[in-house]
Amino acid sequence: MIFNGDCLEFMKNTEDNYYDVVVTSPPYNININYNNYNDIRDDYIEWLVEIFNEVCRVLKPTGHLFLNMASTKKNPFAPYKIAEKINWELQNNIVWAKSIEIDGYVRGYNIPTSSKRYLKNGWEHLFHFTQNGNTPIDLELSGVPYNKNYNNAERAFKRTGKTWTPTTTCWHYTYQSKATKEINKQITGDKLHPAIFPKKLVEKCIKVSGLKNGIVFDPFAGTGTTMVVAKEMGLKYFGCEIDKDYVDFIKKRISEVEDG
């Protein structure tokens, strides 16, 4: 289900301990051109702290909050200031590497920059909060299969009996290709939502939580990626989105998943 309106107002009418997993990414607060939303707030940090403390209230005690935020040139410490005021404990501090440099080549989606001062930012924060910082995660479900070309794969299997290795706190997931206007529209809708995250990122978060039966919630639904992934994984889902045009696009995306 999707609620068209303010997520804080919605959660204040939601009972305690309702959702199992939250995967979300709030607005950047750098005047990005969202459709009908003004991405500038003077009370940005206080506003998000209030929202995510409400998120903690509506999550079950065994729940997981995955909060994706980017540092910006305008306020590079904002994610840390918000994170340290959230009532739950930071259990894992994950880096989402959107583009990385390997052997002299940049891999992943990267927009050229004309800045004479700054390197292009290729990563974002992915904070993983739990109630007490000791909630079990699913190491196998979220694990990474051994590469067949990995020299020690066979030896590792003999030693551990496992064909996988636990995931790390640095994930490299690229955006879905925006090679054509049609593909771009499929991802972002007619109104071209400017800030989306890849489905693989959401899927990985849910796998870390180990959730196989429950409700996934996104208070900043955007184009509904969290909800689409939850649906594809056979989970229940709920989201809040303040923009009616994006809500209509979310419904379209979800209906396509259901039809498929």
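The model is predicted, so to speak, from the start: local features need pLDDT of at least 70, side-chain atom pairs count only at pLDDT 80 or more, and totals for chains, interfaces and linings use all residues. Residues are numbered from 1 along each chain as its sequence is written, and side-chain values use heavy atoms, with hydrogens and water left out.The protein chain holds eight helices and 12 strands, where helices (H or I, at least four residues) and strands (E, at least two) are DSSP runs numbered from the N terminus. Buried residues make up 45% of its 260 residues; buried means under 20% relative accessible area, exposed means over 50%, and partly exposed is in between (1.4 Å probe, protein chains only). The accessible surface comes to about 14,500 Å², and 48% of that belongs to carbon and sulfur atoms. These areas come from the Shrake-Rupley method with a 1.4 Å probe, and for residues only the protein chains shown count as cover. Of the contacts with a separation of 6 or more, 74% are between residues 24 or more positions apart, a contact being heavy atoms within 4.5 Å.

Eight strands form an open sheet with mixed pairing, in the order 1-12-11-2-3-7-4-10; two strands pair if DSSP finds at least two bridges between them. Strand 1 (2-4) and strand 10 (170-172) are the edge strands, each pairing on one side only. On average, neighbouring strands of this sheet are turned by 20° against each other, direction ignored. The angles rest on axes, which are lines fitted to C-alpha atoms (for helices over the stretch in contact), and run from 0 to 180 degrees between N-to-C directions. Strand 2 (residues 19-24) and strand 3 (residues 59-69) run parallel and are joined by five bridges, with Val 21 having His 64 of strand 3 as its bridge partner.

Two helices that pack against these strands deserve a look. Helix 2 (residues 44-58) packs on the sheet and touches strand 2 and strand 3, its direction making about 150° with that of strand 3. Helix 7 (residues 225-232) lies across strand 1, strand 2, strand 11 (215-218) and strand 12 (236-241), and runs at about 170° to strand 12. Six of the eight residues of helix 7 are buried, so this helix is largely enclosed by the rest of the structure. The buried ones are Thr 225, Thr 226, Met 227, Val 228, Val 229 and Ala 230. After helix 7 comes Gly 234, with a positive phi near 75°.

Positive phi also turns up in residues other than glycine. Asn 17, in the loop between helix 1 (7-11) and strand 2, has a phi near 55° and is partly exposed at 42% relative accessibility. Asp 103 has a positive phi of about 50°; this residue is in the loop between strand 5 (100-102) and strand 6 (105-107) and is exposed, with a relative accessible area of 70%.

Phe 77 is in the loop between strand 3 and helix 3 (78-83) and counts as exposed at 53% relative accessibility. Asn 87, in the loop between helix 3 and strand 4 (89-97), is likewise exposed, at 55%. Its C-alpha atom is 7.2 Å from that of Cys 56, 31 residues apart along the chain.

As for charges, the whole structure has 12 salt bridges, each being a side-chain nitrogen of Lys or Arg within 4 Å of a carboxyl oxygen of Asp or Glu. Glu 50 pairs with Lys 12, the closest N and O atoms being 3.6 Å apart. Glu 50 lies in helix 2 and Lys 12 in the loop between helix 1 and strand 2, so the pair ties together parts that are 38 residues apart in sequence. Lys 98 and Glu 124 meet at 2.9 Å, N to O. Lys 98 is in the loop between strand 4 and strand 5 and Glu 124 in strand 7 (residues 123-130), so this pair links parts 26 residues apart in sequence; both residues are buried. Within helix 6 (residues 199-209), Glu 203 and Lys 200 sit three residues apart, about one turn of the helix, and their side chains meet in a salt bridge at 3.9 Å, N to O. Finally, Asp 16, Glu 54 and Arg 57 are linked in a network of salt bridges.
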